[in-house]
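Here's a quick briefing to read with the model open beside you. We'll go through the packing, then a loop, then a sheet.

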Amino acid sequence: MRKANHLFVAALMALAMFLPVQAEEVVVADGYKTSSQFPVVMRYYNQTTIKNFTQMIYPATMLNQLNGKKINSLKFFVNEPFQRIYGGNIQLSLKVVDDDVFDPYAADPAFSDMKVVAQGAPVKGEMELVFNFTEPFEYNGGNLAVEARVTEKGESDPDGIEEFVGMNIYDEYGYYGLDVCYFCVQLSSGTLYDDFWYMLPKAAFGIAEDAPQYEIGDVDHDSKVTIADVTELIDGLLSDASTVPAEGDVDQDSKVTIADVTELIDMLLGGAAN
């Protein structure tokens, strides 16, 4: 029994070597200020007549650790578990922008043509608002605008609502005036109005690690090509060819057939001859 347990543990360790790994999150705007305005306006979360959305600019100087990375998730944090706001749906969008502040004098200071990357919602009892991306967003520097748009109303109690935690940029940098600080803008309409804030919510960006790369013929993904791969390829063809990994397409004709077995054997014999 002990030997079987050791073999099981060894198998798990070997498998873990080839599983995609989630890197540590990059956390920005980590502070103790709170706001019920960002990343969503909680007071209006249960209303359909108000088009409730916010936009925030995370300056490039905060995001250096994300340069050249693919972001696959984003989390915001509240000061207590969600109890009075939950459900509904929030659409998350991103865009790299030149601006590091919103223009308070613009007719419409919001950014347009943002890329939708995820859907999410507050979950009762949780202390994080989580967005898992449908596909990674590649970030190569620049100021990052983030939009959270309520597309389906949820439950909220305006007399007692949780607040998001983050950083008051005015306090942090000690600057004065709209032209020298980083801001969030909250837009709602019936009649269009905008509010500019110093609050930038704490955010955790998850980084997608690239999947491990295997050479052609390494069907069993053990990082070497051997006779075991021939056996694995034959087994796959006999059971369900669609389950054979891309490395089984040895002749690179975009399909896996018995011809790939022949090609793999020839590859092994050629390697042995060398």
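A nonpolar core here is a set of buried Ala, Val, Leu, Ile, Met, Phe, Trp, Tyr and Cys residues joined through side-chain atoms within 4.5 Å; buried means under 20% relative accessible area, exposed over 50%, and partly exposed in between (1.4 Å probe, protein chains only). This is a predicted model, with local features needing pLDDT of at least 70 and side-chain atom pairs counting only at pLDDT 80 or more, while totals for chains, interfaces and linings use all residues. Residues are numbered from 1 along each chain as its sequence is written, and side-chain values use heavy atoms, leaving out hydrogens and water.

**Cores**
- The largest nonpolar core has 41 residues, and Tyr58, Phe76 and Phe133 have the most contacts inside it.
- Strand 8 (residues 128-139) gives this core its largest share, five residues; strands are DSSP runs (E, at least two residues), numbered from the N terminus.
- A second, separate core has eight residues, including Val244 and Val261.
- Leaving out residues up to four places away in sequence, Tyr58 touches Phe76, Asn143 and Leu200, among others (contact means heavy atoms within 4.5 Å).

**Loop around Ala60**
- Ala60 sits in the loop between strand 3 (53-58) and strand 4 (69-77).
- At 23% relative accessibility, Ala60 is partly exposed.
- Ala60 and Asn143 are 83 residues apart in sequence, yet 4.5 Å apart in space, C-alpha to C-alpha.

- Three strands make an open antiparallel sheet in the order 2-11-14; two strands pair if DSSP finds at least two bridges between them.
- Strand 2 (33-35) and strand 14 (199-201) are at the edges with a single partner strand each, so one side of each has no neighbour in the sheet.
- Asn168 stands opposite Met199 in strand 14.

Key: Helix = DSSP H or I, 4+ residues; strand = E, 2+ residues; numbered from the N terminus.
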